[in-house]
Amino acid sequence: MSKYKKLVIPLIAVLGILLVAVFGHSLSVKSADNHNRIPIVFWHEMGGPSEDALEKVVDGFNKSQTKYKVIPKYQGTYDEAIQKILQTHNTSTSPAVFQAFDISTAQMLHSGYTTPVQNFIDEDNYDVSKISSVARAFYANKGKQQAMPFNTSQPVLYYNASLLKKYNITPPPVSPSYSDITRVAKELYEKSHHKVKGMTVQVYGWFLEQALANANAQLANNNDGHTGNPTKVSINNPDTVEFLEWIRENIKSGDFIDYGSGASAGANQTAGFLSDKVGIFIQSSASIGQLTKNNKNELGITYFPHPDNKKANGVAIGGAALWISNDKPKDVQRGAFEFIKYTLKPEVQAQWQKSTGYLALNKDSQKTSILKDLYAKNPESKVPGQQLATAKANYSNSGILMEGMQLTRQLEEIAMETVYNGGNIKKALDTADKNINDNLTQLNRANGYN
Amino acid sequence: MTQIDERAALKKFLNYLLLIVLAIIILAPFFIGIWTSFLPTMDIAKGNLFSTNISFDNYVAAFTKTPILRYLLNTLVISTITMIAQLIFCSMSAYAFVFLKFKYRKTIFTLFLITMMLPFEAEIIPNFATVKQMGLLDNYAVLIVPFLTSAFGTFMLRQSFMQTPIELKEASDIEGLNHFQFYWNIVLPYNKISMITLGAYSFLGSWNQYLWPMLTTFSNNSRMIQNGLKQLQSEETFNDWGMIQASAAIIVIPTIIVLFIGQHYFKSGMNEGAVK
């Protein structure tokens with residue numbers, strides 16, 4: 001028995017020390033920054049290196065004025081954060097300003113928990129024309145800006161320029177068509193004597209939606225939800241078929257490699273690209289950091305490919321926007337908007353692009369020395385920004401304003417997977433159509449939107 | 001004779017060969033994980049596993065650039081308190097179910113067991129609403145209070161306490177020990193193995209929690225380690241895989257220590273004599 005008694009006292013002592021260490025530390029932090037500033041709690045989902053970059057933005061804002069203090073708090077993945085935001089609304093822990101990802105826009109809008117940033121834009125006569133129109137249109141509804149785009153990316157096509165040079169292959173044009181890419185992929189596969197696979201397209205619903213946007217086709221009715229809540233989805237349309245047939249053609253000629261779906265597929269695909277196993281792949285422009293840092297090969301970037309007989313309509317953005325919660329007092333909401341305005345300043349956006357790979361949204365950012373230096377060093381890093389700037393916002397390339405997008409993407413990916421594995425394209429798309437529509441009908445009925 | 005020996009030796013050899021192969025298959029992912037934590041991120045991204053650029057840089061980065069120490073401390077405090085509380089409350093309720101005679105004992109015990117049929121995930125919505133109303137969100141309390149006791153722990157200890165020879169109870173009654181003395185001096189030491197098993201189980205369970213802390217904590221001050229590991233990873237942009245792998249290795253170490261200690265006690269407990 002004495003054995004246990006001996007253990008109890010040190011255990012209590014250790015615990016006590018730990019408690020003092022933990023709480024004592026947080027108490028001292030609290031008392032240190034009490035300057036009568038209005039606290040603006042900011043929830044975000046930027047992990048890893050992007051979190052460091054984001055904290056620099058917040059520090060910059062806190063130093064730029066003395067009235068407000070933004071407190072950034074990481075909340076997990078985009079999907080997890082949405083639930084936390086919705087479930088904690090109206091409690092003392094809820095955020096004043098939060099980051100919510102692209103496909104949750106309809107959900108946020110319908111929740112009624114947010115104050116449209118348009119209200120503040122009108123109050124301040126804030127000039128939004130400097131901000132990329134494609135990015136703005138994604139988070140707007142019926143002419144009203146609901147949220148302000150923040151971290152923004154677009155899918156682009158990356159190719160291994162060194163390999164193309166080695167095998168004497170003409171690189172694809174900056175806005176390639178499907179057959180341009182097929183040509184390069186096939187040549188690469190043949191000329192390398194089957195050592196390098198030509199291309200890959202990850203099984204990712206986002207890419208399928210982007211192929212439609214770039215072909216100026218709409219997935220959901222009511223103009224992809226921009227003129228009313230969508231009631232019907234038609235994924236089985238000629239443009240999707242053309243996109244999948246393009247992939248099928250490359251699978252048949254052997255130059256295509258399938259990395260599957262999910263987060264590990266993305267990582268494997270990048271590993272394959274960096275180690276010269278595959279020459280071309282499509283990925284978010286935000287991946288550029290990973291592909292330029294210590295990459296011994298020269299990197300080539302083009303716009304998202306478009307159908308052969310059509311002009312590129314431009315792709316929609318991905319990423320996330322900043323929203324203002326309406327459960328906080330007026331002065332807190334005002335502070336949240338001041339912070340949003342700060343994040344959109346040309347220099348802030350330029351630095352953000354440089355350190356994360358997300359695109360600078362302010363047109364004046366291109367004139368800053370930060371981006372000019374970056375482009376001088378890596379000329380190819382200019383391409384994603386150009387793609388964003390050349391696109392003109394219309395209903396097809398402003399995203400799909402529809403609830404249940406997470407499940408829709410899964411169903412799209414099942415269809416893609418079926419086709420990659422040799423299934424019938426029309427049949428796979430019909431199945432996806434049916435399941436997405438069933439889900440949509442149910443969701444609309446459950447929410448009472450009919 | 002010699003032939004039989006050879007056969008036995010061959011059999012032994014094959015047995016060990018099989019065991020070694022199985023051990024390699026099971027341990028390989030673990031060792032690959034530890035190995036990659038010493039490699040630079042670029043080599044990991046390229047899949048270049050046999051790189052020779054090994055260093056402790058990733059570990060230095062994990063400790064200096066991220067709040068991982070704070071998360072370790074949070075988790076250690078929460079897991080330890082949860083473990084101690086579960087040991088106390090579960091053993092006490094198990095004692096009541098075994099050694100005290102009261103009305104509806106079986107019914108109450110059945111009610112206890114029924115709660116085990118609902119997985120925790122199914123109770124998340126009411127639990128979340130409760131802690132939200134109590135104003136416990138984003139606090140140590142929200143990570144401890146719901147786990148102060150567990151039906152499984154009570155069930156496990158009850159089964160173990162029932163093995164305690166009734167002679168011990170009779171002898172202590174003759175000696176004039178009261179319930180608490182009997183519980184503390186005889187039942188607990190006698191069931192040391194089960195107690196340590198439950199302790200290790202609840203500590204590891206608490207250490208590896210992801211869903212509940214993810215939902216109920218909002219700031220670095222109360223974040224637990226598994227969620228912290230997720231935080232080191234960014235969604236779309238560049239990831240420092242080497243540093244993430246090093247952090248994962250750091251996080252695994254305490255759980256391995258707990259397992260080793262548990263195993264040591266488990267062995268010594270087996271060898272100790274009981275009544276007869």
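Which residues in helix 18 of chain A meet helix 19 of chain A? In this predicted model, local features need pLDDT of at least 70 and side-chain atom pairs count only at pLDDT 80 or more, while totals for chains, interfaces and linings use all residues. Residues are numbered from 1 along each chain as its sequence is written, and chains are lettered from A and ligands numbered from 1 in the order in which they are written.

A:Leu407, A:Thr408, A:Leu411, A:Glu412, A:Ile414, A:Ala415, A:Thr418 and A:Val419 of helix 18 meet A:Ile425, A:Ala428, A:Leu429, A:Thr431, A:Ala432, A:Asn435, A:Ile436 and A:Asn439 of helix 19 in chain A, contact being defined by C-beta atoms, placed from the backbone, that lie within 7 Å. The residues of this contact divide into ten nonpolar, five polar and one charged (Ala, Val, Leu, Ile, Met, Phe, Trp, Tyr, Cys and Pro count as nonpolar, Asp, Glu, Lys and Arg as charged, and the others, Gly among them, as polar). The axes of helix 18 (residues 405-420) and helix 19 (residues 425-447) of chain A come within 9 Å and cross at roughly 165 degrees, axes being lines fitted to C-alpha atoms, for helices over the stretch in contact, with angles from 0 to 180 degrees between N-to-C directions. Helix 18 of chain A is therefore roughly antiparallel to helix 19 of chain A, a term for angles over 145 degrees.

Chain B comprises 14 helices and zero strands, these being DSSP runs (H or I, at least four residues, for helices; E, at least two, for strands) numbered from the N terminus. The C-alpha atoms of chain B fill a box of roughly 80 × 70 × 30 Å along the principal axes.

Technical notes:
Parallel < 35°, antiparallel > 145°, perpendicular 65-115°, else oblique. Contact = placed C-beta atoms within 7 Å.
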